[in-house]
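Work through the exercises below with the sequence and the structure at hand, and try each task before you read its solution.

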Amino acid sequence: APAAPVGAEFDDPANRDNDVRGYVDVRCEKKYGSGTDVEARGYYDGYGYVGSGEYGPPGFTPMAAFVKARANWAGGEATVTRQFGAQRITGGAEYERSLAIRQWAYVDGQPDIFWSNEKPSRGAVFADAELNVIPHVIVHAGARLDKSSAFANAFSPRAALIYLPDERMAVKYIVGQAFRDPNAYEEYYADGVTVAMAPRSLVPEQILSHEVVFERSLSRGLSVTADGFYNQLKELIDQVPDGNTTLSYFVNDDRVHARGLEVEADAERASGAAVRASYTATMATDDVQEAPLANAPHSQAKFNGSMPAGRWGTGSVELLYVGALTDMRGTRVPGYFLPNLTWGTKPVLGGWQFSSSVYDATNRRWFSPGGANDPEDQIQMDGRGWRFQLSYRETARGGGREP
């Protein structure tokens, strides 16, 4: 990477960040009778990261420094849905175990600067009810209880009131509470060179969200949606400088509120061609600093279009626009426009599917705000990139129903 964070030699080819991820995900769905659906899922996930750089004053032999991370985790979940006439009840549980989360930093030829190996776990139970007891009104009520080996238990309720005056219109009010646990880097990493140990233990971030949604079908295959939202976030985790040193540390020290409006239009033809366009206007404010939030765009627009491409495939295009941003110093970072293209096959040879995507298809130069340890206000991001995916989905024999 051309950037030179935390004193690295600028534009040195030794300054690199490489990460890799691989996973296996198995899912099974089965129907019992006419009113019970059971879904089970198991997965194994792995991630690896290597960051390297050369450091040292001019005229001296630079030192090669490395930061590495490896993580492996596995888990599963099960969900049961039962229909009772017009009412539907869903319940389930999930569990995840980190087999290892290793993080270490060192200078080539010297002892480790930092090393940690953590093995946290978490589990949850959840339930949701869809109640149709009043004509034209649907009530959703649900909750989730999470238990973590590293943090206190978390209770997350959610409810929705849906009014359906006719078959073509819906008005919804949705309220919910959720959380985010600190990630492994925020919670465990403290090398004493760039990141210091936090003065107090981190706690999960919290969000309380309110939404009012209006949906209207204008004609066959054409619909519009308007979504107004107001979110309150607290205990946000931020990386802040240590006033007595050149280090920084993570702390829960931010409160934010965000309000906005999203408008979306969808159109679909019987041939399979479909388009979707949306625009979102948002205002996010840092309640502590009493200023607009850094790295939060005021405007975003997106267009998605797809259509059958011959007998065996589908082609699609995504156009993404993100308005101007500001970095942590208040410097303006220009907005950007990116086109992404994808082509994929329909299921062939019993369930195999292949897809190919190109991101930033025109190879445009675009920038993202720099972070706390970056000397630049903005960092140029990757240009054109490719992704290839091969997947298989088994189809149940006999009834023709996918499991």
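Predicted model: local features only at pLDDT ≥ 70, side-chain atom pairs only at ≥ 80, totals over all residues.

**Exercise 1.** Decide whether Glu-94 and Arg-144 are buried or exposed or in between, and find where in the chain their salt bridge places them.

Solution. Begin with the contact itself: the side chains of Glu-94 and Arg-144 form a salt bridge, with 2.9 Å from N to O. Next, locate the partners, for Glu-94 belongs to strand S4 (residues 87-107) and Arg-144 to strand S7 (residues 137-148), and they are 50 residues apart. Finally, compare accessibilities with the cut-offs: buried means under 20% and exposed over 50%. Glu-94 has 16% relative accessibility and therefore counts as buried, whereas Arg-144, at 25%, is partly exposed.

**Exercise 2.** Which parts of the chain does the salt bridge between Glu-205 and Arg-180 tie together?

Solution. The closest N and O atoms of Glu-205 and Arg-180 are 2.9 Å apart. Because Glu-205 lies in strand S10 (residues 205-219) and Arg-180 in strand S9 (residues 169-180), the pair ties together parts that are 25 residues apart in sequence. Glu-205 is buried at 12% relative accessibility, while Arg-180 is partly exposed at 31%.

Conventions
Residues numbered from 1 in each chain as written. Heavy atoms only, no water. Salt bridge = Lys/Arg side-chain N within 4 Å of Asp/Glu carboxyl O. Helix = DSSP H or I, 4+ residues; strand = E, 2+ residues; numbered from the N terminus. Buried < 20%, exposed > 50% of the residue type's maximum accessible area, 1.4 Å probe, protein only.
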